[in-house]
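Here is a friendly walk through one model, taken sheet by sheet and then into the cores. Please have a look at the fold before reading on.

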Amino acid sequence: MNKQYIGRLGKRGLPVLLTACLLISSPDLPAAAEGKLPAAAAVPAVKEETKQPPRAGSLSRLSRLTEAEPYYAAVLQSLQQQRVQPGAAPLTIRAAAPIRQSEPVLRPAAYEGKQEVLLWNTGKPSWAEYEIEVPADALYEIELTYRPVTQYGFRRPVTLHVTVDGKQPFREARSVTLYRKWKDLDLIKQDTDGNDIRPRSLDVSEWAAESLTDSAGAYARPLQWFFAKGKRTLRLETSDAVALEAIRLVPQQPLEAYEQAAQQAPQAKPVQSKGLVLQAESGAVKNDSAIQIASDTDQRTVPLAAGRIVFNSIGGKKWSAQNQELTWTFEIPETGNYKLAFRALQNTLSQKASFRRIRIDGRVPFQELLTYRFDYDTAWKGRVLGSGEGRPYEFYLEKGKHTLSLAVTHDPVKHIILGTEQAVDLLREADQDLKALTGKQSDANRTWHMAEEMPDLPERLSRAAEMIDRLEKDTVQVNGAIDTVSQSYATSADDLRDLLNKVDDIPYRADTIGTVMERIGKNMDTLVQQPLQLDEIYVTPVEQPFPKMEASLFARAKGLVLNFFYSFQPKNHLGEMDDQVLNVWVQRGRDYVTQLQELTDELFTPETGVKVKVNLLPNAQLLVLSNAAGKQPDVALGLSQDLPVDYAIRNSVYDISAFPDFQEMYSRFSPGSWLPFYYNKGYYAVPETQSFQVLYYRKDILDRLGLAIPDTWDEVYDMLPALQQNGMNFYVPPKEFMPYFYQNGAEFFNPDGLTAAMDSPQGFKAFKQWTDLFHIYAADREVTSFLQHFRKGTMPIGVSDYNMYVQLSAAAPELNGSWGIALLPGTKQADGTIARWAGGGQTTGVIFNSSTKKEEAWTFLKWWLSADVQERYGADLEAFNGVAFRWNTSSVEAFAKLPWKREDANIILNQWMWYKDMPNVPGGYYLTREITNAWNRTVVDGMNYRSSLEMAVMDVNRELRRKQQEFGYMDAAGHVTKTMPLPVVNKPWEGVKPYVK
């Protein structure tokens, strides 16, 4: 297999000149549109309509894959060039009457005040098709009258995959989103220190009619869809719970500039009533529960914080993601012309502007509010909605209730992101061809003649520098000022030109190309961050002045002094130990701590009579210091899995296996999760949270490549040539070694726990398998962000953990429905079964030896880790913070109750059977360090794998002996005085099976 693979791999380095031809012929990066930025036409076309004939080269196939899914902007531009017009009139379809459907349960029903609706609640991907008679070729928005299902704990927005006549018209059609509506509880409680406690967000979704927009927030206006004349088929597909009443094809109305819109506004008499001041944090309806109210210490912010956590504003970093929208309702006392202003803070990203789409009564009044810019400033500012000349926009508002909505939009920076992708692709091709030429080695003794060996390289790098120069200029134009992003582009272009000064030295400085790719690639993450924090909103008659929106110089000076003294107030009370209560320290954020305190007050104390004081532990090192000071808590939560045994060696934590009902607790968790807590015939911690490793894959890309999901590592090797010949790769975490050892039957320590066991035949085989992935099979040795490569498609499959799942769910809406997870690739055993052992990492809870309330502490841990409490805590976390705060409980029963997609939950539960972490022994910390050094020696330096691993084992054993002598397991002469036998875990956990559905 290796020879076959190497043969295929060798072909990748041959077509250097042909690849260069592809790069030279690629379309130039379009410049930013002049003048108004937000229009769809300002986003550059990818020019799919002028496809080049196929060319050789590692990325030509990837280019064709991209062409198969053009961006919406390119499709729209092509249709506009063909003079396709919006439809003449709306077309309406009953959602309850599809012509075909995937599930018989998709049927007409009555729901929440509507009689004939399609109730979509299958819990799995399902579709419905509708037939539409279109009178003429035209463009339409697709407007759905919908209501998300609010029962059963659903929190995700509804994501749809839309096709017309069986085809996906553009890339964004695979993920369009219908949002829920959320509102914070009006009653805000305080804790014992007088700090506000974050209120729960309630789902207040109602029936609404919304046109489909892209999930990534890249376009300020709804998507337009082309329907040819005649009978057309529209398919909607989703796995989310939603009720649909009607589907309408609506012609998009032209949007005028402010000057034209103002001329058509009705004439109004001067308004005599006073203006309105809205507290932005009060009464706002949001389309994402992750948008949070915030506490600010400015002296002008209402209400004043005065050294406490007071939720007196909304937004900031928690209101920066695509399409996140806030809506306020207000009542106008008198018909007339009004002006709008905000007391806003936009200081998160240095010199970078943020953009909002602004709607009044559900519609954007004029073009300038499609992408309104909020410039950077270090302090709170009064932001008047108006033109650049300082003239406020006037809005004609009739007496009665109105709504004001602000939504995050990435429209102005979309063309910069696309241009960055093109520049990175160009540099990646050049980098790959250069590595093929040099063999990835920098030989200082070799003389290069690049004019002969790679003559097109200077032109390619020069062209990349020109593209990046244009990106720098576009960024300054969009942002209105020089910022870190534009400076990054400028520096990157200079670095490339510096390479061109000595072309023959480029092979010695090839890392510069990778550095530039990484630098400008990070800009894409920065560009889509659009934070904005609001304190007050002003709706003022045009004849009247705005209220004072900024603190005076004296007030700011006073605030600086007061906040300086407030900063000395203790934010936690670790030193205030109350002997009458159970003291629990938690190494997590304040929101986690506050929520746990509320939960114990509500459930645990009334049930047991034990009062609990939960305190925030900023740093685990404080536990060591508190021990020296004689002020340890009864319980600590949130500790990393290596700490309990480290404390147990020093007799600091209690052996929980001494409790008579420990076995009942033990049976709740996988045996492999207990290994890190075992020491000297006892268990010194309980697993609290647990991560997992699974295989992530892009369904769309694997389907187009005709690749199946690999079940074993041998199948991974077989698919690698197809990926790499198309400019892609399989992601393997370079420093993750446990699966290879455990799947091959190797252990890290011998049964007595005194010496390393990696030098067994199984250990050598495992180490070779791990290093060969990078040394022979060309897996990437270093990847800045698997998430970004996964989103772009350059790594459409790979191994990652729980954090990847949360990031994809919360921050990659454009991929909804296009990715999935599968079991970790395994190793076939002699009996034909496939072993999938892997670790993942845990946080833990411990009881301290110094506690005088060990029984109460044990009762608390049993309560805390019970399925009902873990499920309630996890549900509350999502209610407060959104899906990004999905609680990765170690309780399999609680996990099954949390709102995971059923198909994903089954994969995770089946992989959970194979969870096995590394034991902790005195000196065992040295193993991870030395095995990483061994990997570097083999993969980077080319050292023989066997010699490298033997060297690591020798160094690990030396450190183990030193620690064993320190803690009495070995005398000074090296004689073993006692052993520490380790538990054996060699069978998958059967306890998870009842929860797989």
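Two strands count as paired if DSSP finds at least two bridges between them. Strands (E, at least two residues) and helices (H or I, at least four) are DSSP runs, numbered from the N terminus. This is a predicted model, in which local features need pLDDT of at least 70 and side-chain atom pairs count only at pLDDT 80 or more, while totals for chains, interfaces and linings use all residues. Residues are numbered from 1 along each chain as its sequence is written, and side-chain values use heavy atoms, with hydrogens and water left out.

With that settled, let us begin with an open sheet of 7 strands, whose order is 10-9-16-19-25-21-22 and whose pairing is antiparallel. Strand 10 (201-203) and strand 22 (372-374) are its edges; each has a single partner strand, so one side of each lacks a neighbour in the sheet. Within this sheet, strand 21 (residues 354-360) and strand 25 (residues 400-408) run antiparallel and are joined by 5 bridges. Arg357 has Ala407 in strand 25 as its bridge partner.

Another open sheet has 5 strands in the order 28-27-29-39-32, and here the pairing is mixed. From one strand to the next, the twist averages 25 degrees.

Strand 27 (residues 582-586) runs parallel to strand 29 (residues 635-640), and 3 bridges join the two. Val586 stands opposite Leu637 of strand 29.

## Two helices across the sheet

Which strands does helix 12 lie across? They are strand 27, strand 28 and strand 29, and the helix runs at about 175 degrees to strand 28. Angles run from 0 to 180 degrees between N-to-C directions, and axes are lines fitted to C-alpha atoms, for helices over the stretch in contact. Helix 23 lies across strand 27, strand 28, strand 29, strand 32 and strand 39 (842-847), at about 50 degrees to strand 29.

Helix 12 (residues 590-608) and helix 23 (residues 854-864) also pack against each other, at an angle of about 115 degrees and with axes 11 Å apart. Contact here means heavy atoms within 4.5 Å. On the helix 12 side, the residues include Leu596, Leu599, Leu603 and Phe604, and on the helix 23 side they include Phe860, Trp863 and Trp864. The residues of this contact divide into 7 nonpolar, 3 polar and 2 charged.

## Nonpolar cores

A nonpolar core is a set of buried Ala, Val, Leu, Ile, Met, Phe, Trp, Tyr and Cys residues joined through side-chain atoms within 4.5 Å. Buried means under 20% relative accessible area, with a 1.4 Å probe and protein chains only. The largest core has 143 residues, and Tyr696, Phe730, Phe748, Phe860 and Trp864 have the most contacts inside it. Apart from it lies another core, of 44 residues, among them Tyr71, Val75, Leu91 and Leu139.

## A hairpin and a buried lysine

Strand 3 (residues 108-111) and strand 4 (residues 114-120) run antiparallel, joined by 3 bridges. Pro108 stands opposite Leu118 in strand 4. The hairpin has 2 residues between its strands, and Glu112 takes a positive phi near 45 degrees.

Finally, Lys963 sits in helix 28 (residues 945-966). Is Lys963 buried or exposed? Lys963 is buried, with a relative accessible area of 11%. Leaving aside neighbours within four places in sequence, Lys963 is in contact with Pro922, Gly923 and Tyr925.

Technical notes
Ala, Val, Leu, Ile, Met, Phe, Trp, Tyr, Cys and Pro count as nonpolar, Asp, Glu, Lys and Arg as charged, and the others, Gly among them, as polar. Buried means under 20% relative accessible area, exposed over 50%, partly exposed in between (1.4 Å probe, protein chains only).
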